[in-house]
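The sequence and structure come first.

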Amino acid sequence: MTDIEQKRDRAPVPKDWAYAPAPESRDIVRLRERYGHFVGGEWLEPTETYETISPATEEQLALIGQGTEQDVDRAVTAAREAFANGWSGLPGSERAKYLFRIARILQERSREFAVLESLNGGKPIKESRDVDLPLAAAHFFYYAGWADKLEYAFPNRRPKPVGVAGQIIPWNFPLLMLAWKIAPAIACGNTVVLKPAETTPLTALLFCDVLRQAELPPGVVNIVTGDGRTGAAIVDHEGVDKIAFTGSTEVGKAIQRRLAGTGKKLTLELGGKAANIVFDDSALDQAVEGIVNGIYFNQGHVCCAGSRLFAQESIYEPLVEKLKRRLETLRVGDPLDKNTDVGAINSQFQLEKIQELVEAGKEEGAEIYQPHCRLPEKGYWFVPTVFTNVAQSYRIAQEEIFGPVLSVLTFRTPEEAVEKANNTPYGLSAGVWTEKGSRILWMAQQLRAGVVWANTFNRFDPTSPFGGYKESGFGREGGLHGLEPYLRFDE
Ligand code: NAI
Ligand code: MG
């Protein structure tokens, strides 16, 4: 217990309100020493392996297969066979049963998945438990519901599955991105070859267990692990009919160039530099919570993170003051501790990228603020950071940092807010904080962003389409729109 300070006539108050450690147990997770690729319902022995670690401790968790062109070829062949030998011809109501089963098993095993996700990726357990897992299950539930209603979703257009979908996903929401990709694909009657990101393969590999439990026919979903070379082999494989990619704009552009003229369908969900715009009539304390959720959620490893805060000049000072005070209360540390707000940075590579951009911000003349916090000695960590005095031309206002770093800018009028917010090559998301409904609607029309949140931020729902404009990519995931990339309407 903490010390109690006796205040003369008042009730005793604890001097220190710090939380006691509340670590989630790891026992529920059973790791294998070594994992292969999941192809045609079987484990394929890898020819080469690399180690996957916990970014919070740098301990090795398992050996993972580095998929070769041959591995990818076997996975595509298995997917092609499964497509032709029954899956694509199965009535939608039958396909739906498998998706419902997968959703329920994910719910039943959610604690196991949440612990593993935090262990391998570094995100706080309260996020993997309360956001990633419920949403992943919800995506399967949602698309299960569409599987037998495609004719109604697209009346008179005769929707048909596309074929084999190659899906490449990033490390910031490993299982959730898998769900976003796999659920609509198989609901529509496609089969899948999916590659998780090299740093976070473990929940995708555990998911193979769920597929077996759900008795999904072999080959409908195949998982091949490895780095960008494995991803490139999927992109280039002639037997793949559609590529869905989430990741960096750089790789997205390269994929688009490679696919030009091949006839393969493509959707890209890339980076962002979202504006979170706070007007002077908004509820400031509520806005501060939204700003914190917008940029420090998942260590800022969020493509739609609210990384540029636009504060109306008249409230700039109180807003920044409140924000700084709030930052002091964020708990940074062990991802498996139930009280942790900000976990570990996903990889050394990403940490170095954040450090480099933060240095650039300081050199260009922005003013840095970081709350006091003690970081663990091992692992990859970055203190939640706020930059003020930021000019639009600074790199920290232009480039995606993909870390817990906020750049604060100001504006005077709604027109100026729109102009500055849209002054970016990206266009994935935006936030507007104001009491005026008419202003929310006007702003939402003006902002070039795929998602505009009003008086909230980083809210996701499987029924709501998500995707970008400009260099944030094209195509939508989620909702009715999310079915379209997995269907063809040609005959
Ligand atoms: P990345 O784009 O290289 O990786 C994403 C996925 O693409 C991974 O599965 C990777 O193995 C795969 N990949 C890499 N090169 C490929 C290629 N030539 N062909 C096919 N697949 C390939 O992203 P990275 O290097 O992990 O992060 C770099 C930056 O990208 C981050 O700092 C961040 O700014 C941004 N990023 C954005 C994400 C988003 O959700 N929009 C997710 C991850 C990163
Ligand atoms: Mg890369």
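## Helices α14 and α15

Helix α14 (residues 414–421) and helix α15 (residues 437–446) cross at roughly 30°, and their axes come within 10 Å. That makes α14 roughly parallel to α15, since angles under 35 degrees count as roughly parallel, over 145 as roughly antiparallel, 65 to 115 as roughly perpendicular and the rest as oblique. Axes are lines fitted to C-alpha atoms, for helices over the stretch in contact, with angles running from 0 to 180 degrees between N-to-C directions. Helices (H or I, at least four residues) and strands (E, at least two) are DSSP runs, numbered from the N terminus.

The crossing of α14 past α15 is right-handed; a crossing is right-handed if the near helix is turned clockwise from the far one by less than a right angle, and left-handed if anticlockwise. On α14 the contact (heavy atoms within 4.5 Å) involves P414, E415, A417 and V418, and on α15 it involves R439, W442, M443 and Q446. These residues divide into five nonpolar, one polar and two charged. Here Ala, Val, Leu, Ile, Met, Phe, Trp, Tyr, Cys and Pro count as nonpolar, Asp, Glu, Lys and Arg as charged, and the others, Gly among them, as polar.

## Basis of the model

The model is predicted: local features need pLDDT of at least 70, side-chain atom pairs count only at pLDDT 80 or more, and totals for chains, interfaces and linings use all residues. Residues are numbered from 1 along each chain as its sequence is written, chains are lettered from A and ligands numbered from 1 in the order in which they are written, and side-chain values use heavy atoms, with hydrogens and water left out.

## Helices α10 and α11

Helix α10 (residues 284–296) packs with helix α11 (residues 316–327) at an angle of about 60°, the axes being 10 Å apart. That makes α10 oblique to α11. The crossing is right-handed.

From α10, the residues in contact are L284, D285, V288, E289, I291, V292 and Y296, while α11 supplies P318, L319, K322, L323, R326 and L327. The contact of α10 with α11 divides into nine nonpolar, no polar and four charged residues.

## Positive phi angles

Most residues other than glycine have a negative phi. E58, which is not glycine, has a positive phi near 65° and sits in the loop between β5 (49–53) and β6 (60–65). E58 is partly exposed at 32% relative accessible area (buried means under 20%, exposed over 50%, partly exposed in between, with a 1.4 Å probe and protein chains only).

K470, also not a glycine, has a positive phi of about 50°. The loop between β19 (451–454) and β20 (473–474) holds K470, which is partly exposed at 38% relative accessibility.

## Aromatic residues

The whole structure has 14 aromatic pairs. Rings of Phe, Tyr and Trp (its six-membered ring) pair if their centres lie within 6.5 Å; planes under 30 degrees apart count as stacked, over 60 as edge-to-face and the rest as tilted. W453 and F460 form an edge-to-face pair, 5.9 Å centre to centre with 85° between the planes.

W453 is buried at 6% relative accessibility, whereas F460 is partly exposed at 22%. W180, W453, F457, F460 and F466 form one aromatic cluster.

## T49 in strand β5

T49 lies in strand β5 and is partly exposed at 29% relative accessibility. Leaving out residues up to four places away in sequence, T49 touches R34, L63, I64, G65 and Q66. T49 and V29 are 20 residues apart along the chain, and their C-alpha atoms are separated by 21 Å.
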